[in-house]
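Dear colleague,

I am handing over the structure we spoke about, and below it I have set out what was found in it. Please read the notes with the structure open beside them.

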Amino acid sequence: MTFRSGHRRTFDIVIGADGIHSPTRRLVFGPEEPFHHHLGACFAGFTLPNHLGLSREGMLWNSPGRRAALYAAGSGGQVFGLLSFRRPDLPFDVFHDQEAQRALVAAAFPDECWEIPGMVARMRAADDLFFDAISQIRMPNWSRGRVALVGDAAYAPSFLTGQGTSLALVGAYVLAGELATHTDHAEAFDAYEKVLRPFVTLNQDLANEGDTALFPATEESLRKRNAALRALSALPAEPPHATYSALTLPDYE
C-alpha cells in the first residue's frame, strides 16, 4: 500500500471503517454512486448557544417532511442543532460548496416560528456546519481481495433507523470473531457476511424510505407519531423493536 506521503507498507488485510463516504471503498470498489441509496432528504448539523438552558434533553419541531431539533448531551453552554428536510433529488452540486449548502437549508426553513429563525441564523454563521444527504449504503459484497468494509462504509443505515452505531459495533465484533476463527481471510470475510447481512437488511428496512417516526414525511405520519407520543405514560412504552435483537451474537471464545 502506498500512502499519500509516499511511504509504502505491506499488510495482510485492510479493514475500511471510514464512514458513509469511505475513501477505502472508493479505492477498492469504485465510485460511491452505485451503492448510495438516497432516502429523499438532507440534513445540516451545527452547534449553537444553549440559551434555553437545556440539560441532557432535546426539543423537536416538525412539519411534514421537515424537522428541527435541539439536543443537549450535557448541561454546558452549547447544544447541537439539526435541520432536516425532504429533498427527493440528491443535491450533488452543493456537496462541496458550503455557502450553497447554507442557502439550500435556509430556503427549506423560511418559517417565523419556534426557534427556527435563530437556528437558521446560527446555521448560516456556524464554523462547524456538517451537511449531507440522508442515505444508506447498500452493497452486494463487503469485501474484495484482502480488503473488507465494516460499519457505515459497508452498510450505513442512516440516522433515521437509530441503528448506525449498533450495526458498526456488531459488525466489528462479528468480523473480528470470524477472522480469529478462520485461517483463510476469504473464508472469514464470507462468514462475516453470511452471519451479518440478514441483520443489516432488517435494520436498514427500518428507514422505510425516509418516512419514520423520527422524521414523518406526510401529514398522516406526523399525526400518528404525535398521537403515539401523547399516549405515552412512561418510557419505554413497549418491548424493544424485535429487529434490534434479531441477531444472536456468536460466541467466538
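**The sheet and its helix**

In this predicted model, three strands make up an open sheet with mixed pairing, in the order E1-E8-E7. Strand E1 (14-16) and strand E7 (143-144) lie at the edges with a single partner strand each, so one side of each has no neighbour in the sheet. E1 and strand E8 (residues 147-149) run parallel and are joined by three bridges, and Gly 16 has Leu 149 as its bridge partner in E8. Helix H6 (residues 185-204) packs on this sheet, where it touches E1, E7 and E8, and the direction of H6 makes about 15° with that of E8.

**A helix pair**

Helix H2 (residues 98-108) and helix H3 (residues 116-125) have axes that come within 9 Å and cross at roughly 175°; since angles over 145 degrees count as roughly antiparallel, H2 and H3 are therefore roughly antiparallel to each other. H2 contributes Arg 102, Val 105 and Ala 106 to the contact, while H3 contributes Val 120, Met 123, Arg 124 and Ala 125. Sorted by class, this contact of H2 with H3 holds five nonpolar and two charged residues, and no polar ones.

**The chain as a whole**

The protein chain has seven helices and eight strands, and its C-alpha trace spans about 60 × 50 × 35 Å along the principal axes. Of its 253 residues, 42% count as buried, and the chain exposes about 14,000 Å², of which carbon and sulfur atoms supply 55%. Among contacts with a separation of 6 or more, 69% are between residues 24 or more positions apart.

Definitions and conventions. Residues numbered from 1 in each chain as written. Predicted model: local features only at pLDDT ≥ 70, side-chain atom pairs only at ≥ 80, totals over all residues. Heavy atoms only, no water. Axes fitted to C-alpha atoms, helices over the stretch in contact; angles between N-to-C directions. Helix = DSSP H or I, 4+ residues; strand = E, 2+ residues; numbered from the N terminus. Parallel < 35°, antiparallel > 145°, perpendicular 65-115°, else oblique. Contact = heavy atoms within 4.5 Å. Nonpolar A, V, L, I, M, F, W, Y, C, P; charged D, E, K, R; others polar. Pairing = 2+ DSSP bridges. Buried < 20%, exposed > 50% of the residue type's maximum accessible area, 1.4 Å probe, protein only. Areas by Shrake-Rupley, 256 points an atom, 1.4 Å probe, with all protein chains shown as cover.
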